[in-house]
Amino acid sequence: MSKSYDEIKHGLIGLTIREQYEQLLQTSEWLQFRDRIISQNGGPVCQSCRSVEGPIEEPIMTEQEHKFLLAEIADYNRKFLRLARENPDLIKQQLQKGTYIGQKASPSRFKEVGRVIIQVHHTLYFWNRLPWEYQSIHLKVLCDACHKQEHQVNTIYVYKDETMSEKKVIPICTRCDGSGYIPEYFHIQKGICFECWGAGCLFNAEPIWEPV
């Protein structure tokens with residue numbers, strides 16, 4: 001069971017910024033905040049690519065199943081072309097409405113080839129602010145692939161305070177390439193990166209502030 005911030009805050013003294021962040025992302029406050037943000041944005045769905053959290057599967061077919069699939073597709077095409085010739089207006093209307101129903105082959109077995117992990121991304125940070133003390137305008141619900149791209153394409157800043165008059169750039173985590181997670185290790189704490197602990201970037205203990 002996750003501990004609350006009050007239960008761990010005294011143990012954060014003397015830890016590095018990375019170690020503190022590791023502990024904060026395991027608190028009940030963060031987990032509840034994360035779930036609430038995801039729920040408010042329509043569930044575990046990436047706001048960028050619309051991927052849904054869960055396994056990525058590919059069909060497994062024997063040679064006989066593959067031949068059956070090709071035959072079923074050919075039969076589907078023949079029926080569609082016949083109906084299109086006999087009643088082209090009806091087919092056109094059904095296609096426009098997305099209501100055309102034909103035979104479709106469905107493989108019986110699948111294998112998992114990857115996994116979509118949904119995360120909450122901070123578009124910016126404020127120094128000494130807890131990860132759940134942010135407004136929704138500073139957060140995005142992203143899959144691990146889009147989270148990684150976000151860190152690679154956009155610069156993430158840490159601001160000294162809410163005036164946003166001074167800032168510093170935080171570097172991307174090289175172990176997870178900014179995604180915060182490593183899908184291949186999903187079986188270990190859901191694949192969270194042990195270098196940045198889900199942040200996707202690395203905080204320095206002694207920031208050097210620059211004027212905005």
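Reader: Hi! What kind of model is this, and what are the ground rules?
Author: Hello! This is a predicted model, where local features need pLDDT of at least 70 and side-chain atom pairs count only at pLDDT 80 or more, while totals for chains, interfaces and linings use all residues. Residues are numbered from 1 along each chain as its sequence is written, and side-chain values use heavy atoms, with hydrogens and water left out.

Reader: Thanks! How many salt bridges does the structure hold?
Author: There are 8. The term stands for a side-chain nitrogen of Lys or Arg within 4 Å of a carboxyl oxygen of Asp or Glu.

Reader: Nice. Which residue does Glu150 pair with?
Author: Glu150 pairs with Lys140, with 3.2 Å between the closest N and O atoms. Glu150 sits in helix 6 (residues 144-153) and Lys140 in strand 5 (residues 139-143), so their bridge ties together parts 10 residues apart in sequence. Helices (H or I, at least four residues) and strands (E, at least two) are DSSP runs, numbered from the N terminus.

Reader: And is Glu150 buried or exposed?
Author: Buried, at 14% relative accessibility, whereas Lys140 is partly exposed at 31%. Buried means under 20% relative accessible area, exposed over 50%, and partly exposed in between (1.4 Å probe, protein chains only).

Reader: Switching to helix 4, how far apart are Asp75 and Arg78 there?
Author: They are 3 residues apart in helix 4 (residues 63-86), about one helical turn.
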